[in-house]
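Let's take a walk through this model together, with an eye on its charged side chains. Here is the structure to keep beside you.

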Amino acid sequence: MEFKDFTAGNDDDGRRFDKIIRKFLPELSLSELYKLMRKGLIKLNKKKAAPEVKIQSGDVISVAGFLLEKTQTANKSMQTTNRPQTAPDKTDSHPHVQSLSAKNESNLEKSIIFQNEHLLILNKTYDINVHGKNSLAQIVEDYYKQNSNKTSLAFTPGPLHRLDRKTTGIIVFSWSIKGAQWFSENIKTHAIKKTYVAILQGTLTEPQNWSDEILKDGTTKNGFTTVKVISATKKNANARTDENASNPNAKSALTKVTPLKTGFYKGIPVTYAQIQIETGRQHQIRAQSSAHGFPLLGDTAYGGKTLHYKNRDFFLHACKLEFPSENPLNLPAFVECPHPAEFESFLAECRF
């Protein structure tokens, strides 16, 4: 019987045997994979191996040729069956998505803030999803396949923290297993500091520290699911808050807000603020700002007045990321990302 061999790379170290095999045969259930392993149709270093065995760099995985042929045939059939017969999804027509999903490498390369063998740090544009269909994650994965000389069998780069579709600025992708593990651990321990700038509705005159809890309660508004802030230390009529005891499903949200300038935009009081977060909850800045009486101007899902300035609903920009001074990834002390042009022009139109 003919087998095809695959050699594990550095980024496969420590992964379970069955997890890597699923990359080759994704249509099979785990029970089917285990059965094939027992029969010797999938081998590790020319021998049968248990599913939970941890792979090491240099290990050779052998898969019966007919299994791979069957997978390729199934994939071709699925692509034909799923070929769209109707007009493309509206998301496809967005200029950022259209240019990037066309695999225009120069577009992605122009957005690179920092890159080494472990991390890829990008300047994310407005109105593009980090995950899902026509997302930045897909674009980065294609870029990785075309430009990386790594030989991993299972590793694919992925985003290492949150950034909403309409938030701009710094987003970090893994470029190695070591990079992913180190970054995730240091985000969890708050050793990595994230700083944003935003346009808040209202006049904030003093720095504030917001300590709340955020709950995903499934409420949908303006076409997407919002979150709920509970135990807000300062209540506001527009805020979706709850004075009841802490919900066991809620997660803590810690945010520090510093006003940089206050003024008016078309008669609306606004604050240009710096925001630092210690936790990375979904919609954290947007929800907490609203709960404390200062929603993002234009963020109608969280009580802000409509803005629509040059096709921007609101302004929230991830401008700085600080790393521990001593780190094993050879990262700089910090990376910064300038304001988008539309943000700069909006600031110029405000009366501060």
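Buried means under 20% relative accessible area, exposed over 50%, and partly exposed in between (1.4 Å probe, protein chains only). The model is predicted, so local features need pLDDT of at least 70 and side-chain atom pairs pLDDT 80 or more, while totals for chains, interfaces and linings use all residues. Residues are numbered from 1 along each chain as its sequence is written, and side-chain values use heavy atoms, leaving out hydrogens and water.

Now to the charges. Side chains of opposite charge can pair when their charged atoms come close. With a salt bridge taken as a side-chain nitrogen of Lys or Arg within 4 Å of a carboxyl oxygen of Asp or Glu, a search of the whole structure finds 8.

One of them joins Arg-165 and Asp-127, at 2.1 Å from N to O. Asp-127 is buried at 17% relative accessible area, whereas Arg-165 is partly exposed at 35%.

Next, look at Asp-299 and Arg-286, whose side chains meet in a salt bridge of 2.8 Å, N to O. Asp-299 is buried at 2% relative accessibility, and Arg-286 is buried too, with a relative accessible area of 6%.

Glu-342 forms a salt bridge with Arg-312, their closest N and O atoms being 2.9 Å apart. Here Glu-342 is partly exposed at 27% relative accessibility, while Arg-312 is buried at 9%. Salt bridges with shared partners also join Asp-164, Arg-286 and Asp-299 into one network.
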